[in-house]
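Q: I would like to learn how to read the features of a model like this one. Could we take them one at a time?

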Amino acid sequence: MEETKKVPHDDWALLLETAKEAARDYLSDLENRSVNLLPQAEDTLDRLAEEMPIEGSPALDVLKQLISLGRTSTILSTGPNYYGFVTGGALPIALAARWLSDVWDQNAALEVMSPLSARLENLVEQWLIELLGLPKQSVAGFVSGSSVATLCALAAAREHLYQRADWPLRDRGLNGAPSIEVYGPDTLHGSIEKALRILGFGRQHMHWLKTDESGRLNPDQLPTLGPLSILILQAGQVCTGAFDDFETLIPAAKAQGAWVHIDGAFGLWAAASKLSQPLVKGVAAADSWVTDAHKTLNVPYDSGIVFCRYGDALTKALSSSGSYLQSDRGRDGMDLTLEMSRRARAIELWATIKSLGSDGIAELVTRFCDHAVLLHQLLENSPYTIVSRPIFNQMLVALADDDATTRALTALQQSGKAWVSGAQWQGRQVIRISICNWRTEAKHIERLAHLMIEVSQA
Ligand SMILES: *Cc1c(COP(=O)(O)O)cnc(C)c1O
C-alpha cells in the first residue's frame with residue numbers, strides 16, 4: 001500500500017487542463033513581451049539547484065512551478081520578434097498535433113509498434129519528395145534534426161562508396177580501408193565536420209574549398225574527384241543563405257563517380273515556392289539531402305529529415321536487429337535512423353503539411369523571403385552597410401567598424417524588443433538576421449528596422 005502512494009495516480013485531467021490554460025496564457029501575448037528572460041530569471045534559475053529529492057512533490061505543484069518558470073525564464077523564440085540563428089516558430093496545427101502525438105506516446109521504431117506512425121511516415125515521405133522535387137525512389141528517415149540527419153546521410157554515403165569499391169566495411173571497418181576524400185565549400189555548417197569526425201573521416205581527408213563573398217563554392221575550385229569522393233554542397237549557407245551552383249557542380253561530381261550530399265537544413269524548402277525555386281535548380285541530382293522541419297516548416301523542435309536516393313545504402317548503414325524485434329511487415333522507421341525508440345514525428349508533419357497544402361507552404365516560404373527583402377529596403381539608406389543581401393530568408397549587415405557593429409548588436413540583444421545574432425563573416429563582425437517564424441509580419445520587420453537604426457548610434 002505504501003508503494004502506491006509514492007507513485008500517485010494524479011488527476012491527469014486536472015494536470016492537462018492546467019497545462020492547457022498555461023499554454024493559452026503564454027501564447028496569447030507573444031507580441032509585446034520581452035524576448036529575453038525577465039530580470040528575476042537569474043535568481044529563479046539559480047534556485048532550481050537542489051539535492052536530488054528523495055520525497056516527491058505533488059505533480060500539480062511541480063507543474064505550477066514549471067508554469068511560473070516559463071513566464072520568467074524562457075526566451076521568447078516562438079514569438080514574432082526573434083530573428084536569431086535560424087529559428088523556426090511553431091504553427092498552431094503543428095503544436096496541437098504534437099500534443100496529441102505525445103498523448104498517444106507512440107513509438108515509431110517498428111511498424112508493429114505504431115502502424116499509424118508507419119503509414120504517416122510513408123505518406124509524408126512521398127509528399128516531401130514531391131514538394132522538394134527529389135528523386136521518386138528516395139527514402140526518408142525522420143530524426144531529431146539536421147545534425148543527426150547528416151550523420152545518417154554520410155554513413156549511407158560511406159556504405160555505398162565502400163560497397164562499390166568492394167571494401168568489406170562491415171567486417172574490416174575503417175582499418176586499412178582506402179581513404180574517402182571529402183570536399184565542400186569552406187563555409188559549411190559545423191555539424192558537417194562533427195558528423196565526419198564521428199564517422200572516422202580524418203581532417204587530412206577533408207578539403208574545404210574557396211568560396212565567393214556569399215559563401216558559395218566557386219565551380220572552378222572543384223578539383224578532380226573520384227569514386228571514393230564525397231562532395232558536400234549547401235542549399236542555404238547558415239549566415240548568408242547562399243545556395244551552391246548545383247546545376248554545374250553536381251553533374252561534374254557525379255560524372256567522376258562521387259557521392260553528392262546537400263545540407264539543406266532550412267534552404268531545401270526553397271523548392272516549395274515559385275519565387276525561390278530557381279535557387280535549388282539541379283539539387284535533385286544529388287544522392288543525399290538533409291533538412292529541418294523545425295526551421296522553415298515551423299513545426300516544434302525536434303524534427304529533421306534525411307533523404308537518400310539509395311534506400312539500401314541508408315538501411316544497410318543504419319539497420320540493427322534483435323531476436324525480440326518483430327519486423328514482419330511494412331515500414332520499420334528504426335532502420336532509416338540512428339534511433340530505435342523514437343517519437344512519432346510524422347504525426348505533426350502530416351498534420352502540418354495537410355493543413356497548409358503545397359500552396360500554404362509556398363506562401364510561408366515566400367513570406368520569409370519577402371520579409372527579408374522588406375528589411376533590406378528599410379535598411380538600404382541607413383547607417384548600416386548591407387554585407388549580404390537577402391538571398392533567401394536572411395541577410396547580414398554591419399556598421400562602419402567592428403566595435404560599432406558589436407555595440408549595436410549588444411544593444412539590440414539587450415533591448416528585449418527583438419533578438420538577432422551576430423557572426424564573423426569573412427573577417428568582419430556582422431549582424432545576422434534570419435526570418436523564419438510564421439508569426440512575423442511586415443509590421444514586426446518595420447519595428448525591427450526602426451530599432452536597428454536607433455541602436456546604430458549606440
Ligand atoms: C541548423 C543547421 C544545421 C544543424 O541542424 P540541427 O537541426 O540544429 O541539428 C545544419 N546546417 C545548417 C545550414 C543549419 O542551418
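Q: Is Phe85 buried, partly exposed or exposed, and what is its relative accessibility?

A: The model is a predicted one. A residue counts as buried under 20% relative accessible area and as exposed over 50%, with partly exposed in between. Phe85 has a relative accessibility of 46%, so it counts as partly exposed.

Q: Which class does Trp419 fall into, buried or exposed?

A: The same cut-off of 20% applies. Trp419 has a relative accessible area of 16% and is therefore buried. Tyr82 is buried as well.

Q: How many aromatic pairs does a search of the whole structure find?

A: Ring centres have to lie within 6.5 Å for a pair, and planes under 30 degrees apart count as stacked. The search of the whole structure gives 5 aromatic pairs. One of them joins Tyr82 and Trp419, with 5.5 Å from centre to centre and 5 degrees between the planes, and is stacked.

Q: Why does the pair of Tyr82 and Trp419 tie together parts that are apart in sequence?

A: Here one looks up the element that holds each partner. Tyr82 belongs to strand 1 (residues 82-83) and Trp419 to strand 11 (residues 419-425), so their pair ties together parts 337 residues apart in sequence.

Q: What kind of aromatic pair do Phe85 and Trp419 form?

A: They form a stacked pair, at 5.6 Å centre to centre and with 25 degrees between the planes. This pair also links distant parts of the chain: Phe85 is in the loop between strand 1 and helix 5 (92-104), Trp419 is in strand 11, and 334 residues separate them. Tyr82, Phe85 and Trp419 together make one aromatic cluster.

Q: Which residues around the ligand come nearest?

A: There are 13 residues around the ligand, and the nearest of these are Ser147, Asp263, Asp292, His294 and Lys295. Ser147 places a polar side-chain atom 2.6 Å from a ligand oxygen atom, and a polar side-chain atom of His294 is 2.9 Å from an oxygen atom of the ligand. In the side chain of Asp263, an N or O atom lies 2.7 Å from a nitrogen atom of the ligand. As for cover, the ligand on its own has 380 Å² of accessible area, and the protein covers 85% of that.

Q: Which residues of helix 9 are buried?

A: For a helix, one asks how the buried residues are arranged around the axis. In helix 9 (residues 190-198), the buried ones are Ser191, Ile192, Ala195 and Leu196. They span an arc of only 140 degrees around the axis, so they are on the same side of helix 9. On the face turned away from that buried side are the exposed residues Gly190, Arg197 and Ile198.

Q: Where is Thr291 found, and is it buried or exposed?

A: Thr291 is part of strand 7 (residues 288-292). Its relative accessible area is 0%, so Thr291 is buried. A polar atom of the Thr291 side chain lies 2.8 Å from the backbone oxygen of Gly264.

Q: Where is Leu217 found?

A: Leu217 is in the loop between strand 4 (206-209) and strand 5 (229-234). With a relative accessibility of 2%, Leu217 counts as buried. From C-alpha to C-alpha, Leu217 and Ser358 are 30 Å apart in space, and they are 141 residues apart in sequence.

Methods:
Residues are numbered from 1 along each chain as its sequence is written. This is a predicted model: local features need pLDDT of at least 70, side-chain atom pairs count only at pLDDT 80 or more; totals for chains, interfaces and linings use all residues. Side-chain values use heavy atoms; hydrogens and water are left out. Rings of Phe, Tyr and Trp (its six-membered ring) pair if their centres lie within 6.5 Å; planes under 30 degrees apart count as stacked, over 60 as edge-to-face and the rest as tilted. Helices (H or I, at least four residues) and strands (E, at least two) are DSSP runs, numbered from the N terminus. Buried means under 20% relative accessible area, exposed over 50%, partly exposed in between (1.4 Å probe, protein chains only). A residue is near a molecule or strand if one of its heavy atoms lies within 4 Å of it. A polar contact is a pair of N or O atoms within 3.5 Å; within protein, one must be able to donate a hydrogen and the other to accept it, and residues adjacent in sequence count only if both atoms are side-chain atoms. Accessible areas come from the Shrake-Rupley method with a 1.4 Å probe; for residues, only the protein chains shown count as cover. The arc is that of the directions from the helix axis to the C-beta atoms.
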